[in-house]
Amino acid sequence: QVYLVESGGGLVQSGGALRLSCKTSGIRFSLAHMNWYRQVPGNQREFVARITNNGTTSYAGFVKARFTISRDNTRNTAHLQLNLLEPEDTAVHYCNTSWKGRDVWGRGTQVTVSS
């Protein structure tokens with residue numbers, strides 16, 4: 001069984017920071033490309049960031065250098081550092097990967113930014 005478990009969400013003030021983690025099991029993490037998405041209720045889930053198995057990163061346009069995705073292959077964990085958070089960043093943040101032809105999602109972690 002493949003599991004992705006997100007953690008690190010919470011409530012912060014505008015301008016604050018959070019570090020999200022995605023702990024994986026059931027995959028060969030060093031071979032997996034890892035993604036972060038986010039979703040506001042009533043809206044579609046949107047892409048935030050990606051890190052490939054060789055460490056190449058890419059980000060959505062709204063990130064504007066505020067967020068950093070990283071990976072720790074020794075702990076089978078991906079991270080998303082969120083800086084300069086804005087109220088518009090309030091959403092459930094999900095970890096995602098594709099493994100053996102299947103799309104796998106975690107249950108998400110809530111990020112709430114107050115103004």
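Colleague: Leaving aside neighbours within four places in sequence, which residues is Asp89 in contact with?
Modeller: Asp89 is in contact with Arg38, Arg66, Phe67, Leu84, Val111 and Val113, once those sequence neighbours are set aside. Keep in mind that this is a predicted model.
Colleague: Thanks! And is Asp89 buried or exposed?
Modeller: Asp89 counts as buried because its relative accessibility is 2%, and the cut-off for buried is under 20%.
Colleague: Where does Asp89 lie?
Modeller: In the loop between strand E8 (77-82) and E9.
Colleague: OK, on to E9 then. How many bridges join E4 to E9?
Modeller: Five, and the two strands run antiparallel; E9 covers residues 91-99. As one example, Asn35 has Asn96 in E9 as its bridge partner.
Colleague: What about E4 and E5, how do they run?
Modeller: Antiparallel, with five bridges joining them; E4 spans residues 34-39. Met34 has Ile51 in E5 as its bridge partner. E4 and E5 form a hairpin with six residues between them, and Gly42 in the turn has a positive phi of about 90°.
Colleague: Nice. Switching topic: where is Gly55?
Modeller: Gly55 sits in the loop between strand E5 (46-51) and strand E6 (57-59). With a relative accessible area of 37%, Gly55 is partly exposed.
Colleague: And what separates the C-alpha atoms of Gly55 and His33?
Modeller: They are separated by 8.7 Å, with the two residues 22 apart along the chain.

Key:
Residues are numbered from 1 along each chain as its sequence is written. This is a predicted model: local features need pLDDT of at least 70, side-chain atom pairs count only at pLDDT 80 or more; totals for chains, interfaces and linings use all residues. Side-chain values use heavy atoms; hydrogens and water are left out. Helices (H or I, at least four residues) and strands (E, at least two) are DSSP runs, numbered from the N terminus. Buried means under 20% relative accessible area, exposed over 50%, partly exposed in between (1.4 Å probe, protein chains only). Two strands pair if DSSP finds at least two bridges between them. Contact means heavy atoms within 4.5 Å.
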